[in-house]
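I opened this entry to record what I looked up in the model, element by element. The sequence and coordinates come first, then my notes.

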Amino acid sequence: MKARALVAWNVRRIRVDRGIPQEQLAYDAGIDRSYMSGLERQSENPTIDLLDRLAETLGVHLSEFFLQPPKGAPTPKTLPKGRKSVRSRRKKT
């Protein structure tokens, strides 16, 4: 796994394990939510300073972002969407 993919996988894994929404992590780390999204999608290349801030915000050591996932490990799932309200479905008559 390439370094950018490894970092993206681990950031998302840690964030989801702790139940932190992407938007909240971005806010707490002082970055834009869309940049956070890009980092997790591997379209952004974070600096070591940013990784250091994310590690501090998540309460982990920087090295956690470089751990190899076990073979066959599933991709970390997403958290349930928090902005949209759940509406009851109406039956068509």
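**Helix packing and core**

I began with the crossing of H2 and H3, which is right-handed. For handedness I used this rule: a crossing is left-handed if the near helix is turned anticlockwise from the far one by less than a right angle, and right-handed if clockwise. The contact is made by Gln22, Glu23, Leu25 and Ala26 on the H2 side and by Arg33, Met36, Ser37 and Glu40 on the H3 side. Contact here means heavy atoms within 4.5 Å. By class I noted 3 nonpolar, 2 polar and 3 charged residues in the contact of H2 with H3. The classes take Ala, Val, Leu, Ile, Met, Phe, Trp, Tyr, Cys and Pro as nonpolar, Asp, Glu, Lys and Arg as charged, and the others, Gly among them, as polar.

Before going on I wrote down the provenance. The model is predicted, local features need pLDDT of at least 70, side-chain atom pairs count only at pLDDT 80 or more, and totals for chains, interfaces and linings use all residues. Residues are numbered from 1 along each chain as its sequence is written, and side-chain values use heavy atoms, with hydrogens and water left out.

H2 covers residues 22-29 and H3 covers residues 33-40; they pack at an angle of about 115°, with their axes 8 Å apart. Axes are lines fitted to C-alpha atoms, for helices over the stretch in contact, and angles run from 0 to 180 degrees between N-to-C directions. H2 and H3 are therefore roughly perpendicular to each other. The cut-offs are under 35 degrees for roughly parallel, over 145 for roughly antiparallel, 65 to 115 for roughly perpendicular, and oblique for the rest.

**Overall content**

I counted 4 helices and 0 strands in the protein, and the order from the N terminus is α-α-α-α. Helices (H or I, at least four residues) and strands (E, at least two) are DSSP runs, numbered from the N terminus. Of the 93 residues, 33% count as buried. Buried means under 20% relative accessible area, exposed over 50%, and partly exposed in between, with a 1.4 Å probe and protein chains only. Among contacts with a separation of 6 or more, 63% join residues 24 or more positions apart.

**H2 with H4**

I then checked H2 against H4. Their axes come within 9 Å and cross at roughly 115°, and the crossing is right-handed. H2 and H4 are therefore roughly perpendicular to each other. From H2, Leu25, Asp28 and Ala29 meet Arg53, Leu54, Thr57 and Leu58 of H4. The contact of H2 with H4 has 4 nonpolar, 1 polar and 2 charged residues.

**H1 with H3**

H1 and H3 pack at an angle of about 115°, and their axes are 8 Å apart. I listed Val7, Ala8, Val11, Arg12 and Arg15 from H1, against Met36, Leu39 and Glu40 from H3. This contact of H1 with H3 holds 5 nonpolar, no polar and 3 charged residues.

**Core**

Which residues of the largest nonpolar core touch the most other members? They are Met36, Leu54 and Phe65, out of 17 residues. A nonpolar core is a set of buried Ala, Val, Leu, Ile, Met, Phe, Trp, Tyr and Cys residues joined through side-chain atoms within 4.5 Å. The elements giving two or more residues to this core are H1 (3-17), H2, H3 and H4 (48-58). H4 gives the largest share, 5 residues.

For phenylalanine 65 I set aside its neighbours within four places in sequence; its contacts are then Leu6, Val7, Asn10, Val11, Ile14, Leu51, Leu54, Ala55, Leu58 and Val60.

The buried residues of H3 are Met36, Ser37, Gly38, Leu39 and Glu40. They pack against H1, H2 and H4. Serine 37 has a relative accessible area of 15%. Serine 37 and alanine 26 are 11 residues apart in sequence, and 8.8 Å apart in space, C-alpha to C-alpha.

I flagged glutamine 42, which has a positive phi of about 70° although it is not a glycine. Glutamine 42 lies in the loop between H3 and H4, and at 39% relative accessibility it counts as partly exposed.

Last, I looked at aspartate 17 in helix H1. Is aspartate 17 buried or exposed? Aspartate 17 is exposed, with a relative accessible area of 61%. Aspartate 17 and lysine 77 are 60 residues apart in sequence and 9.3 Å apart in space, C-alpha to C-alpha.
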